[in-house]
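This briefing is intended for a reader who has the sequence and the three-dimensional model at hand. The points below are grouped by topic.

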Amino acid sequence: MTETHSAGVRGDSGPRVAELVASRVLDVPDFPKPGVMFKDLMPLFADGEVFRQVVDGIVAYHGRDAFDAVVGIEARGFVVAAAIAYATGVGVVPVRKAGKLPRPAYSASYALEYGEATLEVHEDAFTAGHRVLVVDDVLATGGTAEATLDLVERAGGTVAGFTVLLELGFLGGRARLAPRPVHALLSV
């Protein structure tokens, strides 16, 4: 494992926040399969002060009153979503892998960079017009994010924003989500 190189870092919240995220990312080669370089953000979550600054940065970027609920994408998105929801006093809604939710749910299947997956959200997760901030740890090809944003809208929510801690820009996920705005704290 190696630290992600942070010279000349960039992100949508400026170089200070981008550097903060970059300083806590570890590269794990060949995970979950050979040829994939996994970006491990667990060191960021484990550092209480850095995690607080990241959450505060996301809230400052969007504004405390810009959303009514926060969606976290399984599984690392849950960590960020719960912290943002707590910091702003709004609810948190999980978007889960297929078969994990106990009540009627909308589902969306999509291709990953290394396989296929299905996500679900409860059909009654939002009231009509509910403004929803969607968060995840990493934006890669955009399949997971696109499926989640579509699920939020199918369930009656209005996407107020989409934020990730780390964007792998070379995989084109941001373009796939257009015209929806994407906020990435660190783009590599």
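A75 lies in the loop between strand 4 and helix 4, where helices (H or I, at least four residues) and strands (E, at least two) are DSSP runs numbered from the N terminus. The peptide bond leading from E74 to A75 is cis, with omega near -5 degrees. The model is predicted: local features need pLDDT of at least 70, side-chain atom pairs count only at pLDDT 80 or more, and totals for chains, interfaces and linings use all residues. Residues are numbered from 1 along each chain as its sequence is written, and side-chain values use heavy atoms, with hydrogens and water left out.

**The loop residue E74**
- E74 is also found in the loop between strand 4 and helix 4.
- Why is E74 counted as buried? E74 counts as buried because its relative accessibility is 18%, the class being under 20% relative accessible area, with exposed over 50% and partly exposed in between (1.4 Å probe, protein chains only).
- The side chain of E74 makes a polar contact with the side chain of R96 at 2.8 Å. A polar contact is a pair of N or O atoms within 3.5 Å; within protein, one must be able to donate a hydrogen and the other to accept it, and residues adjacent in sequence count only if both atoms are side-chain atoms.
- A polar atom of the E74 side chain lies 2.9 Å from the backbone nitrogen of K97.
- Not counting residues up to four places away in sequence, E74 touches V95, R96 and K97, contact meaning heavy atoms within 4.5 Å.

**Helix 4**
- Helix 4 (residues 76–88) has 13 residues and reaches 19 Å from its first C-alpha to its last, close to the 18 Å expected; the expected span is 1.5 Å times one less than the number of residues.
- G77, V80, A81, A83, I84, A85 and T88 are buried in helix 4.
- The elements against which these buried residues pack include helix 3 (48–62), strand 4 (69–73) and strand 5 (91–97).
- Helix 4 lies across strand 4, strand 5, strand 8 and strand 9, running at about 165 degrees to strand 4. Axes are lines fitted to C-alpha atoms, for helices over the stretch in contact, and angles run from 0 to 180 degrees between N-to-C directions.
- Just after helix 4, G89 takes a positive phi of about 75 degrees.

- Seven strands form an open sheet of mixed pairing, in the order 6-7-5-4-8-9-10; two strands pair if DSSP finds at least two bridges between them.
- Strand 6 (105–112) and strand 10 (183–187) are the edge strands, each pairing on one side only.
- Strand 5 and strand 7 (residues 115–122) run antiparallel and are joined by two bridges.
- R96 stands opposite E120 in strand 7.

**Nonpolar cores**
- Of the 32 residues in the largest nonpolar core, V21, L44, V54, I58, V70, I84 and L165 touch the most other members. Such a core is a set of buried Ala, Val, Leu, Ile, Met, Phe, Trp, Tyr and Cys residues joined through side-chain atoms within 4.5 Å.
- Helix 3 gives the most to this core, with six residues.
- A second, separate core of 24 residues includes V95, L119, V121 and A155.

**Other backbone features**
- A cis peptide bond also joins A178 and P179, with omega about 10 degrees.
- D30 has a positive phi of about 60 degrees although it is not a glycine.
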